[in-house]
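Subject: Structure for you to look at

Hello,

Here is the structure I promised to pass on. Please open it beside this email and follow along as you read.

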Amino acid sequence: TKYRFGTGSCIKPNFPYIPALSPDVYGFASLLGHSDGLDMIMFLGDFIYADLPFYFGSDPEDYRRLYRQVYMAESSRRLLRKVPMLHVYDDHEIMNNWHDQDSPPMGSAMTAYNEYNGHPNPSPPLPHRAYYNFTYGNIAFYAWDTRRYRTDWETEDGKHKTMLGEEQKNHFLQWLQDVNHTAAVKFVISSVPVTTGWTNIDSNHDTWRGYRAERAEILGVTQHVPNLIFLSGDRHEMAAVELESGNLEFSTSPVSQFTFPLIGKFKQN
């Protein structure tokens, strides 16, 4: 099966602000130049920044307004007329470093996310879930929800600390067992990096680096699944990593936000 797709995360309309240019999502304008032949774009989260430059409010309409700002941009319209886009969400669709499960404003944030980005995704295994999986030919995809079910990052790491939650993790592990016999290539979508290579304080609690026990459990299974590749974003820096499980990870970010070109935070594992 031939299937060509792109990945990326983190956009802020009109960043960087250039007074001489019309408001736009400049990263989408760049993507247009590389979009010929793409079957799909998998957007890896932080499609809006509800808390930057400041938090505008917790009503669903406050979140909807931010999605409209993205979709009204000329480059957004041109790109999406050309290439379909699937989504996972991350913290900035709610609030920075979100780990409070269904506490407010999660409900308002997810109402707007589903209206604009969630509902077009493949159907989840159960109603009112944001994680999902799909196949294209002999290529299988699983998109995690890494925000709604995670326990507080201050919880002591161990069997009771989770990013995926029991229901989602069990469904994922069953999916792994199934596709290991049917799919030639498998992609697992995580809004935050699986690698522990980012070592700054923020990474210590917000990425999989802060959930090492569950991470080890998952990698202990994926090491036996050939041709499984993790795709992630979030860090505003790119990395291509071979994990200790032998699986590859490609972390791509940002599409249209600030980067860390001179003070990179990634360190070799």
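Which residue forms a salt bridge with Asp90? The partner is Arg147, and the closest N and O atoms are 2.8 Å apart. Before you go further, note that this is a predicted model.

Now place that pair on the chain. Asp90 sits in the loop between β3 and α4 (106-118). Arg147 sits in the loop between β5 (139-143) and α5 (166-179). Are they buried or exposed? Asp90 is buried, and Arg147 is buried too.

Asp102 and Arg148 meet through their side chains in a salt bridge, at 3.1 Å from N to O. Arg148 has 23% relative accessibility, so it counts as partly exposed. The cut-off for buried is under 20%.

Next, go to the helices. Glu217 and Lys169 also form a salt bridge between their side chains, with 2.9 Å from N to O. Glu217 is in helix α7 (residues 212-222), and Lys169 is in helix α5. They are 48 residues apart, and the pair links distant parts of the chain. How does each one count? Glu217 has a relative accessible area of 38%, so it is partly exposed. Lys169 is at 14% relative accessibility, so it counts as buried.

Some salt bridges share partners. Which residues do they join into one network? They are Asp90, Asp91, Arg147, Arg150, Asp202, Asp206, Asp234 and Arg235. Asp90 and Arg147, from the opening question, are among them. How many salt bridges are there in the whole structure? A search finds 18.

Last, the sheet. Three strands form an open sheet, in the order β1-β2-β3, and the pairing is parallel. The edge strands are β1 (5-8) and β3 (85-87), and each pairs on one side only. From one strand to the next, the twist averages 20 degrees. Strand β2 (residues 40-43) pairs with β3 in the parallel sense over three bridges. Look for Ile41, which stands opposite Met85 in β3.

Best wishes

Definitions and conventions:
Residues are numbered from 1 along each chain as its sequence is written. This is a predicted model: local features need pLDDT of at least 70, side-chain atom pairs count only at pLDDT 80 or more; totals for chains, interfaces and linings use all residues. Side-chain values use heavy atoms; hydrogens and water are left out. Two strands pair if DSSP finds at least two bridges between them. Helices (H or I, at least four residues) and strands (E, at least two) are DSSP runs, numbered from the N terminus. Axes are lines fitted to C-alpha atoms, for helices over the stretch in contact, and angles run from 0 to 180 degrees between N-to-C directions. A salt bridge is a side-chain nitrogen of Lys or Arg within 4 Å of a carboxyl oxygen of Asp or Glu. Buried means under 20% relative accessible area, exposed over 50%, partly exposed in between (1.4 Å probe, protein chains only).
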